[in-house]
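This report is an introduction for a reader who has not seen the structure before. Please look over the sequence and the model first.

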Amino acid sequence: MGEKEQSTGGPHFVGKRDELIAAKRSFRTLEGRDILIVYHQRVFYALDSYCYHAGGKLQNGDIEEIDSKLCIICPKHKYKISLAEGEGLYKGTDPTQKPSVPRWYSKGVKQRVHMVTETDGEVYVRLSTHTGWIESDYFQGEKGKVEREKV
Ligand code: FES
């Protein structure tokens, strides 16, 4: 990160719009952080590249709509992560409800997501500046691991 201790997050140029659309999934390393840029249904998303559960490579995950949210499915153990928010979703039942019909629940934000902007056919990513711990930080090298120990 050079002389700056504190990241401003960007924006970082990540590619031409047309190239990123053709690629659909693009991997970039920004300020030492590995990011996946996804183009799906005319929208760009950017999120940490390694799944918060055990570091699976989301680059190879399918995308499905779950509970009205577009999610990437981690290829390793099939965890579902919303593309827009980084929420972990799971299916469960509420035993207090009769009949207890399975439905989708949120575990909250587990995967760090980043902001994508476009200017004149160029695409930029501004890294999340959320200061709290997000579980996917763990798979982003030593810095993430150190931050986890403080929690
Ligand atoms: Fe992604 Fe386990 S590593 S679901």
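The sections below go from the whole chain to single residues.

## Basis of the model

This is a predicted model, in which local features need pLDDT of at least 70 and side-chain atom pairs count only at pLDDT 80 or more, while totals for chains, interfaces and linings use all residues. Residues are numbered from 1 along each chain as its sequence is written, and side-chain values use heavy atoms, with hydrogens and water left out.

## Overall make-up

The protein contains two helices and 11 strands. Helices (H or I, at least four residues) and strands (E, at least two) are DSSP runs, numbered from the N terminus. Read from that end, the order of elements is β-α-β-β-β-β-β-β-β-β-β-β-α.

Of the 151 residues in the protein, 38% are buried. Buried means under 20% relative accessible area, exposed over 50%, and partly exposed in between (1.4 Å probe, protein chains only). The accessible surface of the protein is about 9,100 Å², and carbon and sulfur atoms account for 47% of it. Such areas come from the Shrake-Rupley method with a 1.4 Å probe; for residues, only the protein chains shown count as cover. Contact means heavy atoms within 4.5 Å. Among contacts between residues at least 6 apart in sequence, 43% link residues at least 24 apart.

## The six-stranded sheet

An open sheet is built from six strands in the order β1-β11-β10-β4-β3-β2, with antiparallel pairing. The edges are held by β1 (12-16) and β2 (25-30); each has a single partner strand, so one side of each lacks a neighbour in the sheet. On average, neighbouring strands of this sheet are turned by 30 degrees against each other, direction ignored. The axes behind this angle are lines fitted to C-alpha atoms, for helices over the stretch in contact, and angles run from 0 to 180 degrees between N-to-C directions.

Two strands pair if DSSP finds at least two bridges between them. Strand β1 is joined to β11 (residues 122-126) by four bridges, and Lys-16 has Glu-122 as its bridge partner in β11. β10 and β11 pair over five bridges in the antiparallel sense, with Thr-117 opposite Tyr-124 in β11. These two strands, β10 and β11, form a hairpin with two residues between them, and Asp-120 in the turn has a positive phi of about 50 degrees. Between β4 and β10 there are two bridges, again antiparallel; here Leu-47 has Val-113 in β10 as its bridge partner.

## Nonpolar cores

In soluble globular proteins, nonpolar side chains tend to be buried together. A nonpolar core is a set of buried Ala, Val, Leu, Ile, Met, Phe, Trp, Tyr and Cys residues joined through side-chain atoms within 4.5 Å. The largest such core has 13 residues, of which Val-38, Leu-47, Leu-58, Ile-72, Ile-81 and Leu-83 touch the most other members. Two or more residues of this core come from each of β3 (33-40), β4 (43-48) and β6 (69-73). Apart from it lies another core, of 11 residues, including Leu-20, Ile-35, Phe-44 and Val-123.

Lys-110 sits in the loop between β9 (103-109) and β10 (113-119). Its relative accessibility is 16%, so Lys-110 counts as buried. The side chains of Lys-110 and Glu-135 are joined by a polar contact of 2.7 Å. A polar contact is a pair of N or O atoms within 3.5 Å; within protein, one must be able to donate a hydrogen and the other to accept it, and residues adjacent in sequence count only if both atoms are side-chain atoms.

Arg-17 belongs to helix α1 (residues 17-23). With 27% relative accessibility, Arg-17 counts as partly exposed. Its side chain makes a polar contact of 2.7 Å with the side chain of Glu-118. Arg-17 and Asp-120 are 103 residues apart in sequence, and their C-alpha atoms are 8.8 Å apart in space.

## Backbone details

Most residues other than glycine have a negative phi, and most peptide bonds are trans. The peptide bond from Gly-10 to Pro-11 is cis, with omega near 10 degrees, and Pro-11 lies in the segment before β1. Another cis peptide bond, with omega about -10 degrees, joins Lys-98 and Pro-99; Pro-99 is in the loop between β8 (87-92) and β9.

Asp-67, in the loop between β5 (62-66) and β6, has a positive phi near 55 degrees. Lys-78, in the loop between β6 and β7 (80-82), has a positive phi of about 70 degrees.
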